Amino acid sequence: MKKIEAIIRHHKIDDVKAALVAKGFHGLTITEVRGFGRQKGHSETYRGAEYKVDFVPKIKLELVVSTSDCDAALETLTAAARTGQIGDGKVFVSDLQGVVRIRTGETGEDAV
């Protein structure tokens with residue numbers, strides 16, 4: 001099993017969710033996060049005063065997939081999240097040691 005964590009733009013979450021669900025991927029968790037990468041934030045103007053925003057608001061999306069479905073999930077996610085501009089985000093994939101469904105006690109692939 002693989003855990004996919006993606007940091008994406010706020011306005012792309014609906015597109016990403018719809019694309020993943022259409023391909024049969026369910027069980028998605030999202031969190032509002034802040035951070036910066038190579039762009040190192042940006043400047044904004046509020047009431048005539050310019051200020052620097054160091055940490056850009058993003059969405060962190062997490063899902064668990066079987067190893068065989070990982071490439072398809074990555075392709076679907078990245079295609080839906082891509083705008084082609086700096087700041088589109090990153091995707092991290094890690095091996096998952098185990099999963100337990102609390103309600104039933106199922107483990108492994110059955111719990112996903």
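Tutor: Let us begin with one pair. In this predicted model, K2 and D95 form a salt bridge whose closest N and O atoms are 2.5 Å apart.

Student: What is the general idea behind such a pair?

Tutor: Side chains of opposite charge can pair when their charged atoms come close. The cut-off used here is 4 Å between a side-chain nitrogen of Lys or Arg and a carboxyl oxygen of Asp or Glu. With 2.5 Å between the closest N and O atoms, K2 and D95 count as such a pair because that separation is within 4 Å.

Student: Which parts of the chain does the K2 and D95 pair link?

Tutor: The pair links distant parts of the chain, 93 residues apart. K2 belongs to strand β1 (residues 2-8), whereas D95 belongs to strand β6 (residues 89-95).

Student: Are K2 and D95 buried or exposed?

Tutor: The reading rests on relative accessible area: under 20% is buried and over 50% is exposed. K2 counts as buried because its relative accessibility is 18%. D95 is exposed, with a relative accessible area of 58%.

Student: How many salt bridges does the structure hold?

Tutor: The structure holds six salt bridges. Another of them joins the side chains of E62 and K3, at 3.0 Å from N to O. E62 counts as buried at 17% relative accessibility, while K3 counts as partly exposed at 24%.

Student: At what N to O distance do D15 and K12 meet?

Tutor: The side chains of D15 and K12 meet in a salt bridge at 3.3 Å. D15 counts as partly exposed at 40% relative accessibility, and K12 counts as buried at 12%.

Student: How many positive and negative side chains does the chain have?

Tutor: There are 17 positive and 16 negative side chains, and the centres of the two sets lie 5 Å apart.

Student: Which pattern of helices and strands does the chain follow?

Tutor: The chain has two helices and six strands. Read along the sequence, the pattern is β-α-β-β-β-β-α-β.

Student: How does the radius of gyration of the chain relate to that of a compact globule?

Tutor: One sets the value for the chain beside that for a compact globule with the number of residues concerned. For 112 residues such a globule would have a radius near 13 Å, but the chain has 17 Å. The C-alpha atoms fill a box of roughly 55 × 25 × 20 Å along the principal axes. As an example of separation, the C-alpha atoms of R47 and G108 are 54 Å apart. R47 lies in the loop between β3 (42-46) and β4 (49-53), and is exposed at 75% relative accessible area.

Student: With which residues is I59 in contact, and is I59 buried or exposed?

Tutor: I59 is found in strand β5 and is buried, with a relative accessible area of 4%. Leaving aside neighbours within four places in sequence, its contacts include A6, I7, I8, I13, I30 and V33. For the whole chain, 29% of the 112 residues count as buried. Among contacts between residues at least 6 apart in sequence, 69% join residues at least 24 apart.

Conventions:
Residues are numbered from 1 along each chain as its sequence is written. This is a predicted model: local features need pLDDT of at least 70, side-chain atom pairs count only at pLDDT 80 or more; totals for chains, interfaces and linings use all residues. Side-chain values use heavy atoms; hydrogens and water are left out. Helices (H or I, at least four residues) and strands (E, at least two) are DSSP runs, numbered from the N terminus. Buried means under 20% relative accessible area, exposed over 50%, partly exposed in between (1.4 Å probe, protein chains only). The radius of gyration is taken over C-alpha atoms; the globule rule is 2.2 Å times the number of residues to the power 0.38. Contact means heavy atoms within 4.5 Å. Lys and Arg count as positive and Asp and Glu as negative; His and the chain ends are not counted. The place of a charge is taken as NZ of Lys, CZ of Arg, CG of Asp or CD of Glu.
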